[in-house]
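Student: I would like to go through this structure and ask what stands behind each label.
Tutor: Go ahead.

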Protein chains: 2
Amino acid sequence: MKLLEEKIRKEGRIYPGDILKVDSFLNHQVDTAFIKQIAAEFGRLFYGSDITKILTVEASGIVIAYATAQYFRDVPLVYAKKGEVASMSKDVYSAPVYSYTHQTQYQINVQKNYLTKEDRVLLLDDFLANGEALSGLVSICKQAGCEIVGCGIVVEKGYQPGGDLLRAQGLRVESLARVKSMTDDGQIEFYED
Amino acid sequence: MKLLEEKIRKEGRIYPGDILKVDSFLNHQVDTAFIKQIAAEFGRLFYGSDITKILTVEASGIVIAYATAQYFRDVPLVYAKKGEVASMSKDVYSAPVYSYTHQTQYQINVQKNYLTKEDRVLLLDDFLANGEALSGLVSICKQAGCEIVGCGIVVEKGYQPGGDLLRAQGLRVESLARVKSMTDDGQIEFYED
């Protein structure tokens, strides 16, 4: 999505340690008009997929998930909650997620009654790098027995393994911008659409 | 807002310890069509207030904030991030927030460049009880020198002190449902509009 690539080039900031900050429009301040265009693109890509629910992880996936639901007849969204590994319960689907950024493991949880076998689920998130959070969501969907229609990602770091790992499982992964490389002095390259 | 009161009566669950769960439609699973009506009501209440930004706290305020922005010419929203007390930085406005639910203190943070003196800010959140999170947002706005147009709350526990504390500071607080009392056996009463 050219518009997104331009936005990242213009507003994104790169920090040492392979960190790309897009918090002026995506995940701290939110450019709500721009997010509508992101959501419309997911609407176009997954048009006709008979989605019954959108699933994401708090907090930074929520805006994308809510905006996109409007393109699928206002289906409900569910956001997995982050919690302690200890907070597992019988009523909850859980999966461990390792955060490379914070070098800690946490648990994501979804109450069982909010995902059913009949659901056709679109997974959405803002970033995909090592694929930890998304793999956690996939695990939760498998526990619930629902069908995963696909994964929609705003920014994929294409040189990290997450996207390929998910595609190798047969999942449809659509990333609106796929970073090919970035350098500490601010250069960023994208894979062609 | 009668529609919201009915929704809470129908779907809300009360647990010992004064806990009201509305996670079937507001803050875990999200009834996106219903949230549009919530947002429209905030749009009506704060119509003509010349709002330039919406401010909330991750994670459960984000859906409300995004949905409501659409009624104010797609102004940007900013969500304060939760972090360690230690994570303060020169580039960040911070305020401590005490969580009565989890009996811990955490910090909420907003990057300085996302709130300016020129901003006219609407504060939104899903719940108001002791007012800790909202007071943190008020503190951040004061640090930034921006003007607080008002506070929009989905569910206020009217028998807890947060709402009155904020109103006593001269803030306009609009709660779409104000709980007057609730009992462990599931009875809930609201203040009249």
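Student: What makes E6(B) and E7(B) a hairpin, and which residue in the turn has a positive phi?
Tutor: This is a predicted model. In it, 4 residues lie between E6(B) and E7(B), which form the hairpin. Gln103(B) in the turn has a positive phi of about 50°.

Student: How do you know that E6(B) and E7(B) pair?
Tutor: Pairing requires at least two bridges, and these strands, residues 92-99 and 104-111 of chain B, have 8 in the antiparallel sense. Val92(B), for one, has Gln111(B) as its bridge partner.

Student: Why is strand E6 of chain B called largely enclosed?
Tutor: A residue is buried if its relative accessible area is under 20%. In E6(B), 6 of the 8 residues are buried, so the rest of the structure largely encloses the strand.

Student: How do you know that the span of helix H4 of chain A agrees with its number of residues?
Tutor: The 13 residues, 132-144, should span 18 Å at 1.5 Å a residue; the end C-alpha atoms are 19 Å apart, which agrees. Buried residues of H4(A) include Leu134(A), Leu137(A), Val138(A) and Cys141(A). Just after the helix, Gly145(A) has a positive phi of about 75°.

Student: What does chain A contain, and why is it called as compact as a globular protein of its length?
Tutor: Chain A has 5 helices and 11 strands. Its radius of gyration is 16 Å and the globule rule gives 16 Å for 193 residues, so chain A is as compact as a globular protein of that length. Buried residues make up 55% of the chain.

Terms used
Residues numbered from 1 in each chain as written. Chains lettered and ligands numbered in written order. Predicted model: local features only at pLDDT ≥ 70, side-chain atom pairs only at ≥ 80, totals over all residues. Heavy atoms only, no water. Buried < 20%, exposed > 50% of the residue type's maximum accessible area, 1.4 Å probe, protein only. Helix = DSSP H or I, 4+ residues; strand = E, 2+ residues; numbered from the N terminus. Expected span 1.5 Å × (residues − 1). Rg over C-alpha atoms; globule rule 2.2 N^0.38 Å.
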